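Please brief me on this protein model. Keep it short, and group the points by topic.

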Amino acid sequence: MTDIKKINLLGLSPEKLIEFFESIGEKKFRATQVIKWIHQKGAESFDEMTDVSKALRAKLEQICEIRGPEVVSQNISADGTRKWIIRTEGDKNDCVEAVLIPDGDRATLCVSSQVGCSLDCSFCSTGKQGFNRNLTPAEIIGQVWIAIKSFGPMDPNGPRRVTNVVMMGMGEPLMNFEPVVDAMILMMHDHAYGLSKRRVTLSTSGVVPKIYELVKRTDVSLAVSLHAPNDALRNELVPINKKYPIAELLEACQFYLANLPDKRHITIEYTLMSGVNDNEEQAHELAELLQTLECKINLIPFNPFPHSGYEKPSNNRTRRFQKILADAGYTVTVRTTRGDDIDAACGQLVGDFHDKTRRSQKYIELREINS
C-alpha cells in the first residue's frame with residue numbers, strides 16, 4: 001500500500017488553512033485554533049492541541065503533519081548572531097541559511113527564499129553557487145519557527161524573540177513569489193507571529209514586474225539592492241539591470257509607495273566595494289539619482305569571500321561616502337558587520353549544498369584567468 005503524502009500545515013496561510021478545514025467538513029474557526037498552536041505555541045504534534053476535539057485531532061493525524069525544515073547545524077557568533085544551516089526537502093545537499101542578528105531589544109531574522117540564486121550578482125557569494133530550486137512556504141516560514149524555538153518553548157505572552165524579519169537571505173524573493181507572499185502573510189497575521197508590516201521587509205535586486213504585483217497582495221516594507229548610481233556599473237554588478245534598468249526600477253518603487261495605505265520609504269541597499277562604487281563622484285551621482293524617491297540609504301561595506309575580486313573600502317572612504325549623502329539630506333546608515341566569524345555576514349550566505357550548475361568552480365577559474 002502506497003503511503004499517502006500528508007499535508008504540512010506549517011506553511012499554509014490563514015486563507016488556505018480555512019479552505020482546508022472547510023474541505024474536510026470542519027468549521028473555519030478551526031484554522032484560527034491550529035494557527036495559534038503551530039505559530040504561537042510551537043506545537044509539533046496534534047496531541048498538544050488541547051482545545052481541539054480528540055476526533056478532529058485523530059483525523060488530522062491521519063492526513064496532516066506539522067513539519068519544519070531539518071536543522072543541520074546552528075552556530076553562534078561571538079557577537080550573539082545565530083546562523084542555521086537548514087536542509088530542505090529536495091536533494092540531501094540542498095541547504096539554505098537563516099541568520100538572527102540581535103541588537104539591543106531588536107532581533108532581526110534574515111530569511112532565505114531559494115536554494116541558491118539565479119541572478120549572479122558579482123559581489124555575492126550565494127550567487128556563485130548557482131540556483132537549485134525555490135523554497136516552499138513551509139520551508140520559508142519554518143526558518144522563523146526554528147529561530148524562535150531555538151530559545152526554548154514558545155510563549156505567545158512572552159517577549160518577542162524575533163522582532164523583525166528581512167527577506168534578504170539566499171535567493172531573490174520575487175522570483176519565488178507565491179510561497180514568499182504566503183509566508184509573509186503568516187509573519188504578519190495576528191494569530192501567527194503578529195509582526196508589523198513595517199517590521200517585515202522584502203529585499204529585491206529589481207524584478208520590476210513583480211514589484212507592481214506585490215503591492216496588490218501585501219504592504220510589507222520594501223528594500224532595493226541598488227549598489228550602483230548608473231546603469232553602466234549596475235549592469236556589471238547586478239546583471240538583472242540589463243533587463244530592468246534603474247529608471248524602470250525607481251518608477252516601480254514610486255508606484256509601490258504610492259499604493260501603500262500609509263506613508264513609508266524604500267530602503268536603498270548599497271554595498272560599498274573599494275575602487276568600484278565608493279568614490280566621491282559616485283556618492284554625488286547617487287544623491288542626484290534618488291532625489292525624487294522617499295528613501296533611506298543603507299551602506300554595506302563589502303564582506304570578502306574567496307575569489308571575489310573585490311575588497312572592503314577603508315573606514316575613511318566609507319565615512320566620506322556617507323557624509324556626502326547625509327549632506328544631501330538623506331538618512332544614511334552604515335551596516336555593522338555581524339556574524340562574519342561564522343560566515344553569516346551580508347553576502348556570505350552560501351550554505352553547504354551541491355552546486356548543480358558548477359557556477360562556483362567556473363567563477364573561480366575565470367578569476368584565475370583574469371588575475
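The UniProt record, an unreviewed entry, places the feature "active site" at Glu 97 and Cys 346. Such annotations may be inferred rather than shown by experiment, and their positions follow the numbering used here. This is a predicted model: local features need pLDDT of at least 70, side-chain atom pairs count only at pLDDT 80 or more, and totals for chains, interfaces and linings use all residues. Residues are numbered from 1 along each chain as its sequence is written.

**Glu 97**
- Glu 97 sits in strand 5 (residues 95-103); a strand is a DSSP run of E, at least two residues, numbered from the N terminus.
- Glu 97 has a relative accessible area of 4%, so it counts as buried (under 20%, with a 1.4 Å probe and protein chains only).

**Helix 5**
- Helix 5 covers residues 177-188; a helix is a DSSP run of H or I, at least four residues.
- Its 12 residues should span 16 Å at 1.5 Å a residue, where the expected span is 1.5 Å times one less than the number of residues.
- The end C-alpha atoms of helix 5 are 17 Å apart, which agrees.
- Helix 5 is mostly covered, with 10 of its 12 residues buried.
- Among the buried residues of helix 5 are Phe 177, Val 180, Asp 182 and Leu 186.
- The buried residues of helix 5 pack against helix 1 (14-23), helix 2, helix 4, strand 9 (164-167), strand 10 (200-204) and helix 6 (208-214); contact means heavy atoms within 4.5 Å.

Key. Side-chain values use heavy atoms; hydrogens and water are left out. Buried means under 20% relative accessible area, exposed over 50%, partly exposed in between (1.4 Å probe, protein chains only).
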